[in-house]
Each structure stands twice: as structure tokens, then as C-alpha cells.
Amino acid sequence: MSIPVRFDNVSKSFKTGESATALRDLIPSLVRRLRGADPDARKLFWALRDVSFEVAEGEVLGFVGRNGAGKSTTLKLVAGILRQNKGTVEVNGSLSALIEVGAGFHPDLTGRENIFMNGAVLGLSRRDIRARFDDIVAFAELEEFIDTPVKRYSSGMYMRLGFAVAVHVDPAILLIDEVLAVGDLAFRRKCLERVKLLRAAGKTILFVSHKMNDVRAICDRVMYVKDGLIHREGTALDVTREFEADMKRRSALEITGAPLSQRTDNAAVRVMHVEARDSSGAPVTELHSGQSLIIHAAIESDIELLDPILSVALLRSDNLRACCATTRVLGPRIPRVRGACTFEVEFDDLDLMDDFYAIETIVWNAEMNVPLAQHLNPTIRFIDERPPVNRPGVFHPAARFGAIEHGPDLES
Ligand SMILES: Nc1ncnc2c1ncn2[C@@H]1O[C@H](COP(=O)(O)OP(=O)(O)O)[C@@H](O)[C@H]1O
Ligand SMILES: [Mg+2]
């Protein structure tokens, strides 16, 4: 049995900067040539670096990663749209690729003509195409528009037609890159169902998506691509979780910025140090959802503060203030502060959603309308081992459902 897709130490580079399409664009290289310098000194940029992997027959392999990581480059190498600079790319079996919305369609031809053209490109005879034509049009839900030139189509319609053709030509290997994102929810569901059927029929599928739920729903294995390398490879659940955690960590870092961010100009009052601790008092950077968190803070004031108020809040990575504790509500009253002092606040049983939370500490005036010192750091991660099903919200409440009361017609 041959391996459908194999990459062996594959590298792909691009030249940075635009390629020369006009005479004007050639001038810099002409000048360099006259100076005796390298005429093409544009820098090489490695979009993929020494990448090796195999996809087994009947496997759905997912690719996740930030924009620019190299996912599309990988799929384009498989499809033969790009050629690697080093290494070998081996593809065994008929292949159909959905890589860019509308790619492979001729804008002036109608939907009908494009189906025939595409089918032919993908190796089907006219008879084969005719036999599948109605199914393709029905799947794409384009009955009304099938004799309209595709340049009048919306991106969603392009995608529907592209997907319908790609799955109906019955390829051994199917490549899907993000294209589902332009479809509406109902059609996306339909495509995912179709991908599951193809998987059950033993097709090999390479799937790129930013929708982690989709990746988890259909992929057997996932590769996390980062800076042109395979950063991690494993089960869909493990790898998508790691990717999501990285994304949240990034945005948490973007909120907190520098390690010590004094945000206020009042240099007379300062938050010196803030530490997150677990219930035993040990410093922590991670806790499990449901554990207690103690915040220990040191502040300093050169002036005498009368009746200051302290607050400590947790800012989730998307900037949502998940919760806040303040002495104004909880006490104690602090009659005066001068010089150095420390305080602690304990949050009991914080059953927060899996995410990163920046600790925001503020020293307020007595009316709590002027922040005298503000501090955003450190960041603590809450880990939730429960499966990541659809559970929107901020925290997990302690909740119970009562008995289900049936209506009379259901009682027997
Ligand atoms: N034709 C190209 N010319 C120059 N650079 C390119 C080209 N295609 C991709 N790149 C660069 O290669 C890197 C990887 O791109 P890509 O594979 O499209 O990333 P992804 O699909 O993961 O978002 C990016 O930095 C991108 O700018
Ligand atoms: Mg891409």
C-alpha cells in the first residue's frame, strides 16, 4: 500500500518584496547590476523549513496555526501549485484541492460550463460529469444560478460550487484550506457532514481551519504549524487545545505588555509587586478551575493616603473583567496608608473557564473615582480538564437541573 502524501525534509522559500511586473520595478536590480552587486538581493524568506510528515490512507489530517505559519504553502505543495526548493513531496492518488475560493473557475463561464471544465481538469469524462451534474448542482444549491457566469457569484456561491465539484469527482485525496469559512453556517455543517462521509469511505483528507470545533469534529490527527515548522503533532483534542492556549497567552501578553506596567502618572503611589499564590501560599502561574487563588500585593506611598480603596480584578485574555474584589464592598476600611505595606485577597473556589487571566491591582482614592496606582501583572492560567464543549460564559456555576416534568400527552 502506498502512502497518499509524504513530505521528506521539504523546504519552500519565497523572495520577499514584489516580483517585477513593470519596467519601473526592474530599475533597482538594474542599478545593483551596474554597481556590480547581486542583481537580485531580495531576501529569501523560508515559508517552510525541513518539514517531514506522512498522511496515511483514510486519515483526516488537520493543520492549525497562526496566519502566515505555512499551512497553505504546505497544501499548495501537495497540490503541485507550488514547487519546493528542497526535499521531496510524494503524492499517490487522484487529488482534488479546495485551496482558494474561486480558484480553478473561469469568471466568464457559467456555473454549468465551469462544472464541465473543472471535472475535465480533474480527470472525469463528459459522461462521468453528466452523470454527476445534477448531484453537484443540488449539493451546491445553485439550481437557479447554474447558467449565470460565475463572475456574478458571491464568495459563498463560489465556495459552494467548488466544494460540490471537489467532493463529487470522487478523489482519493482531498485538500480543504479554510474555504468553508466563507459559507453560511448551514452549508458549513453540510460540508462537514460530507467530509465525515468521505472519511468513512476511506478518503485521505488534509484540512486547514481556524475553527477548532470543526478541526476536533473531523480530524484524526492535527499538526500545529508555527513559523514554517511543525511545532506539535498529536490528537485533535491535544493539539487544538495547545494552539488555543497559545493564542490566549498571546492576547493576554498584549494586554499586560511590559512585565511591570505602572499605568498612572502619580508616582507618589505605587504598586510594587503582585504575586499569585495557591491556597497553601505557594506562588503559582497556573491553577485548575475550581481552586482558590490568593493575590499578595505590595504597595508604597510617599504621601499619606486617607481611606484608600484597594481592588483586585482578573482580566481574561479577551479583556473581559471576569471578576473583581474591592475593599469598598468587602472591607476592611483602611484609615490611612503611608510608606510600604502589603495586603492579600483570597478568591475562593474560582471555577473560571479555561483561559489566561491578568491580575489588575488598583489603589483608589476614598471615593473610588481616581486610580492612584494601577498595576496589571502577573498573568495566571486556569486549566479546565473538562471537555471543551459549547459552554459560553465566564465561570462554571454550581448548578443542578431538577426533575423533568412531562406534559400530559407524554405521560404513559
Ligand atoms: N507567493 C508568495 N510570495 C511570497 N511570500 C509568500 C507567498 N505565499 C506565501 N508567502 C509567505 O509565506 C508564509 C506562509 O504563508 P501561508 O502558507 O499562506 O500561511 P498560512 O496559510 O499558514 O496562513 C507567509 O509569511 C506568506 O507571506
Ligand atoms: Mg492560509
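Predicted model: local features only at pLDDT ≥ 70, side-chain atom pairs only at ≥ 80, totals over all residues.
Residues are numbered from 1 along each chain as its sequence is written, and chains are lettered from A and ligands numbered from 1 in the order in which they are written. Local features need pLDDT of at least 70 and side-chain atom pairs count only at pLDDT 80 or more, while totals for chains, interfaces and linings use all residues; side-chain values use heavy atoms, with hydrogens and water left out.

The chain has nine helices and 17 strands, taken as DSSP runs numbered from the N terminus (helices H or I, at least four residues; strands E, at least two). Of its 412 residues, 43% are buried (under 20% relative accessible area, with exposed over 50% and partly exposed in between; 1.4 Å probe, protein chains only). The accessible surface is about 22,100 Å², and carbon and sulfur atoms hold 52% of that area (Shrake-Rupley method, 1.4 Å probe). Among contacts (heavy atoms within 4.5 Å) with a separation of 6 or more, 72% join residues 24 or more positions apart.

Two helix pairs are set out below. Axes are lines fitted to C-alpha atoms over the stretch in contact, with angles from 0 to 180 degrees between N-to-C directions.

| Pair | Axis approach | Crossing angle |
|---|---|---|
| α4 (residues 126–140) and α5 (residues 155–168) | within 8 Å | roughly 140 degrees |
| α5 and α6 (residues 185–200) | within 12 Å | roughly 10 degrees |

The angle in the α4 and α5 pair makes α4 oblique to α5, whereas α5 and α6 are roughly parallel (angles under 35 degrees are roughly parallel, over 145 roughly antiparallel, 65 to 115 roughly perpendicular and the rest oblique). The crossing of α4 and α5 is right-handed, and that of α5 and α6 is left-handed (left-handed if the near helix is turned anticlockwise from the far one by less than a right angle, right-handed if clockwise).

On the α4 side, R132, D135, I136, F139 and A140 meet R160, L161, F163, A164, V165 and H168 of α5. This contact has seven nonpolar, one polar and three charged residues (Ala, Val, Leu, Ile, Met, Phe, Trp, Tyr, Cys and Pro are nonpolar; Asp, Glu, Lys and Arg charged; the others, Gly among them, polar).

Toward α6, the α5 residues M159, R160, F163, V167 and H168 meet F187, C191, R194, V195 and L198. Here the residues divide into seven nonpolar, one polar and two charged.

R152 lies in the loop between α4 and α5. R152 is exposed, at a relative accessible area of 60%. R152 and T110 are 42 residues apart in sequence, with a C-alpha to C-alpha distance of 9.3 Å.
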